[in-house]
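Below are some points on the structure, written for a colleague who is opening it for the first time. Please read them beside the model, taking the numbered paragraphs in order.

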Number of protein chains: 2
Amino acid sequence: MPPVPRDARPGRVLLTGASGFIGRHALAPLLAAGHEVHALGSAPPSDSDEGDVRWHRVDLLDAGATDSFVARLRPELLLHLAWDVTPGRFWTAPGNVRWVEASLALMRAFVDAGGRRAVLAGTCAEYDWQALAAGESVRCLEGLTPLVPRTLYGACKHATHLVTAGLAAEQGVELAWGRIFHLYGPGEQPGRLVPAIARPLLAGESVAASDGAQVRDFSHVRDVADGFVALLDSHVQGAVNVASGEGVTVREVVELIAAETGGRELIRWGEIERAPGEPETLVAEVTRLHEEVGFKPAIGLAEGLRESVEFWRAAG
Amino acid sequence: MPPVPRDARPGRVLLTGASGFIGRHALAPLLAAGHEVHALGSAPPSDSDEGDVRWHRVDLLDAGATDSFVARLRPELLLHLAWDVTPGRFWTAPGNVRWVEASLALMRAFVDAGGRRAVLAGTCAEYDWQALAAGESVRCLEGLTPLVPRTLYGACKHATHLVTAGLAAEQGVELAWGRIFHLYGPGEQPGRLVPAIARPLLAGESVAASDGAQVRDFSHVRDVADGFVALLDSHVQGAVNVASGEGVTVREVVELIAAETGGRELIRWGEIERAPGEPETLVAEVTRLHEEVGFKPAIGLAEGLRESVEFWRAAG
């Protein structure tokens, strides 16, 4: 398909999760695209240089508060990134259910307030990992790879897409759903892969790792934030993988980290069991992102990991 | 698989949608099975002979009210039938989204209050009608026919199943999901097929019909209510088609009605266009219902339609 130009006109954007890992990197590209940016997040970053962002405090888990806020603001565009993704817990946490409810209430309010285009955050965990494990699909392709989530988190995200897309279609609102694969970047939560490896190695301590043979699709958080803003500024609808499209083993990632930190011999390979049910290979097909949205990630893995290590070195 | 005995012990049941088409027929079999029945519905039927039913008034669209009611009642079993299914509107109505939210809040409250088994109402509209139309599947088979709803109603029901089943599995609560096909029976809403045909014919008026060639799976509402209670009283989990398993053309149904009412010549065949996207054939595979739940429908189509026509004749 021919590339769709980023021709959507700027407007009043409501960004949720604006203090989160992706959200805080979405502020600058949203402003750069000319949008009037209204941000919901747990806290405006104190060192923010995004002076034009208007911050609001609303508890999205309170449907009534969401509704009256959105009715007053009347955003034309919605970029909904908020969700509880506490590392180690979010795959199974019952709190996922409340984020489905919150997302549906938000989307209802947005539609009722005259919104014209919404982009929401999905996940690679919506795809059928058992089909991937069985080799029935090589890469996750929107519209083709079966959607059979095997985790509560994946089920809740997929359910949110089903309902919001159905509502948007009935109400004449555009909706796109960006599926996120594996993320890394400066400032991520300490329980995630890169800091879990980098911080002990920087301290000269040994660290347990899995066998590292699983193949994953890692994206730098700024690329993903830029990709979401590009998706918001397009007219592409439906599911779009917002990912690198490049498979890399976890072992390669860990070794790239160790190349920056030193201490490669401190890695205790194979000591962490992999979670049952995870596929060997989980890599996105990114043709829609490249050709329809017209967006390609810019940050190479070695360069991005170097930046992450520097962040954790500076953090001490 | 061997039949599962209906060995679940009676308990405190919360029935939602108890004034609805299926729900009001679920009261008697629930009481007969020895349950303590707590009913939520728009109104207790004034002519009810179900004297042991305890009726409550709770607005399920108010998550806070639902939560405090369920926390007080502490039901062991949940049979959730409530939803807005106004004929002619419910396939596309935005209100479906609020019923997803209401159902998730109800399920969260039930789990938090120590519930042990929930049965919720799904729909044949969760199955991929395009795959059925393309002849890829002959009958709708749980766990095999792809789940790609093509309507907002189907999307909302399927999303509710994804989330509630995921939550139940994580929290150690049993959950079954009964998929309803086509229903008829005395007292159904006047906009539905049987009264839409029977009432004009009883009045000697002509009536428009589709070409009638589509094959559907019709169940009497009492059979479906009994099937849901049997499902509640089993330990079967996951999706179960609660249907007849017998395909019949809409023309056959209309002609059976006309055989009771007279006025077969008043039917203007082919005057109503069928909705685009509906499959030619939509029939349930019912092996799970028969063999695992141990339930078979009892009311034949001719007998059931005769009862329906008598209802509308008496209603005038």
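1. Helix α5(A) passes helix α5(B) in a left-handed crossing, a crossing being left-handed if the near helix is turned anticlockwise from the far one by less than a right angle, and right-handed if clockwise. The contact, meaning heavy atoms within 4.5 Å, draws on residues of α5(A) including A:L152, A:A155, A:C156 and A:H158, and on residues of α5(B) including B:L162, B:V163, B:G166 and B:E170. By class, the residues of this contact of α5(A) with α5(B) are 14 nonpolar, four polar and two charged, where Ala, Val, Leu, Ile, Met, Phe, Trp, Tyr, Cys and Pro count as nonpolar, Asp, Glu, Lys and Arg as charged, and the others, Gly among them, as polar.

2. On the basis of these notes: this is a predicted model, in which local features need pLDDT of at least 70 and side-chain atom pairs count only at pLDDT 80 or more, while totals for chains, interfaces and linings use all residues. Residues are numbered from 1 along each chain as its sequence is written, chains are lettered from A and ligands numbered from 1 in the order in which they are written, and side-chain values use heavy atoms, with hydrogens and water left out.

3. Helices here are DSSP runs (H or I, at least four residues), as are strands (E, at least two), numbered from the N terminus; axes are lines fitted to C-alpha atoms, for helices over the stretch in contact, and angles run from 0 to 180 degrees between N-to-C directions.

4. Within chain B, helix α6 (residues 193-202) packs with helix α8 (residues 250-261) at an angle of about 35°, their axes being 10 Å apart, and the crossing of α6(B) past α8(B) is right-handed. Among the residues that meet are B:L193, B:I197 and B:L201 in α6(B) and B:V250, B:V254 and B:T261 in α8(B). This contact of α6(B) with α8(B) has 11 nonpolar residues, one polar and no charged ones.

5. The count of disulfides over all chains is zero, a disulfide being a pair of cysteine sulfur atoms within 2.5 Å. For A:C140, the nearest cysteine sulfur is that of A:C124, 6.9 Å away. A:C140 is buried at 0% relative accessibility, and B:C124 is buried at 3%, buried meaning under 20% relative accessible area (1.4 Å probe, protein chains only).

6. Is B:H25 buried or exposed? B:H25, in helix α1 (residues 23-32) of chain B, counts as buried at 19% relative accessibility. Leaving aside neighbours within four places in sequence, B:H25 is in contact with B:P186, B:V221, B:R222 and B:A225. The cover over the buried residues of α1(B) includes strand β1 (12-16) and helix α7 (221-232) of chain B, and α1(B) is followed by B:G34, whose phi is positive, near 90°.

7. B:F295, in the loop between α9 (287-293) and α10 (301-315) of chain B, is also buried, with a relative accessible area of 10%. Not counting residues up to four places away in sequence, B:F295 touches B:D223, B:D226, B:G227, B:A230, B:L289 and B:H290.

Note on methods:
Buried < 20%, exposed > 50% of the residue type's maximum accessible area, 1.4 Å probe, protein only.
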